[in-house]
Amino acid sequence: MKWTVLGYQSPYPGENGATPGYLLEEDSYRVLIDCGSGVLAQLANYIEPYQLDAVILSHLHHDHIADFFVLQYAIMLAMKNGWRKKALPVWAPSSPAKWYKQLSYKTWIDLNPIQSDSSQKIGPFDFHFYQTDHGIPCYAMQISNGKTKILYGADAGPQTDWKRMSIEPDLFICEATFLEANRPEHLSGHLTAGLAAEAAAQIEAKHLLLTHLFPSMDPMQVKKEAIQRFEGICDVAELGWSITMAK
């Protein structure tokens, strides 16, 4: 099971950057998780967009879905030209309904709703979805291939119940939207790097990857704050960061 960072910034991409998007692979099966601004250009470093087997969108905020509407065109052209035979399966929250409706695109997209505490077999992966503390329906994902567990936290605030999602994940991808130094007075819907580290410690994650960073954030400061509260392996996301775990 391989996880590659295609984008990690928010709420907009920095110079030559991209907002959240990740490529999950097992053998020849490829899943795109979130599809933010700039993600398709990064995906092109690895595969053609029409080679994707599935897309999963954690929630329907623009920084996580902006490039999906361009991906629709890529799939349409691929099917018209015979490069792809089947519609692209997509899973996403059904709310806000306005944006969920726009994810569908004629016969090119096979759209499916995500529900809280639901499970879905997608290729070689078992997905289980959990709603997080966020402003709109947003779903963290525990992903397993039977031997390795990944927990992708999506966007999540301090009221998120991490322990009900996963214990001892091999990789925990968690947002670090703020540092404690610029933490809002009433923090909601997002975490600091310190709180992400506390969540990782709580669930005994083996490896923490901090993501969802403001473009000007210093990654060294992000890591410095996190390692004060988490003793496991800790990395800060960057474009192309990748890890391959046992099958």
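Axes here are lines fitted to C-alpha atoms, for helices over the stretch in contact, and angles run from 0 to 180 degrees between N-to-C directions. The model is predicted: local features need pLDDT of at least 70, side-chain atom pairs count only at pLDDT 80 or more, and totals for chains, interfaces and linings use all residues. Residues are numbered from 1 along each chain as its sequence is written, and side-chain values use heavy atoms, without hydrogens or water.

**View 1. Helix α6 lies across β12 and β13.** Helices (H or I, at least four residues) and strands (E, at least two) are DSSP runs, numbered from the N terminus. Helix α6 spans residues 219–227, and β13 covers 233–236. Strand β12 takes in 207–211. The helix runs at about 155° to β13. Contact here means heavy atoms within 4.5 Å.

**View 2. The largest pocket holds about 180 Å³ of space.** A pocket is an open set of points on a 1 Å grid over the protein atoms alone, where a 1.4 Å probe fits, with protein on both sides within 12 Å along at least five of seven lines; lining residues have an atom within 4 Å of a point. Volume is the space filled by probe spheres set on the points, which are joined across faces, edges and corners. The lining numbers 14 residues. P219, M220, V236, A237 and E238 lie nearest the centre of the pocket. Helix α6 gives the most, with three residues. By class, the lining has ten nonpolar residues, one polar and three charged. Asp, Glu, Lys and Arg count as charged; Ala, Val, Leu, Ile, Met, Phe, Trp, Tyr, Cys and Pro as nonpolar; the others, Gly among them, as polar.

**View 3. Strand β13 ends an open sheet of seven strands.** The order is β7-β8-β9-β10-β11-β12-β13, with mixed pairing. Two strands pair if DSSP finds at least two bridges between them. Strands β7 (119–122) and β13 stand at the edges with a single partner each, so one side of each has no neighbour in the sheet. From one strand to the next, the twist averages 20°. Strands β8 (125–131) and β9 (139–144) run antiparallel, joined by six bridges. Y130 has A140 of β9 as its bridge partner.

**View 4. A second open sheet of seven strands runs in the order β6-β5-β4-β3-β2-β1-β14.** Its pairing is mixed. The edge strands, β6 (109–114) and β14 (242–244), each pair on one side only. Neighbouring strands are turned by 20° against each other on average, direction ignored. Strand β5 (88–93) pairs with β6 in the parallel sense over six bridges. V90 has L111 of β6 as its bridge partner. Helix α3 (68–80) lies across β3 (29–35), β4 (54–56), β5 and β6. This helix runs at about 160° to β5.

View 5. P11 sits in the loop between β1 (2–7) and β2 (21–26). P96 belongs to the loop between β5 and α4 (97–103).

**View 6. D34 and D117 have positive phi without being glycines.** In D34, phi is about 65°. D34 lies in strand β3. It is buried, with a relative accessible area of 0%. In D117, phi is about 60°. D117 occupies the loop between β6 and β7. At 40% relative accessibility, D117 is partly exposed. Buried means under 20% relative accessible area, exposed over 50%, and partly exposed in between (1.4 Å probe, protein chains only).
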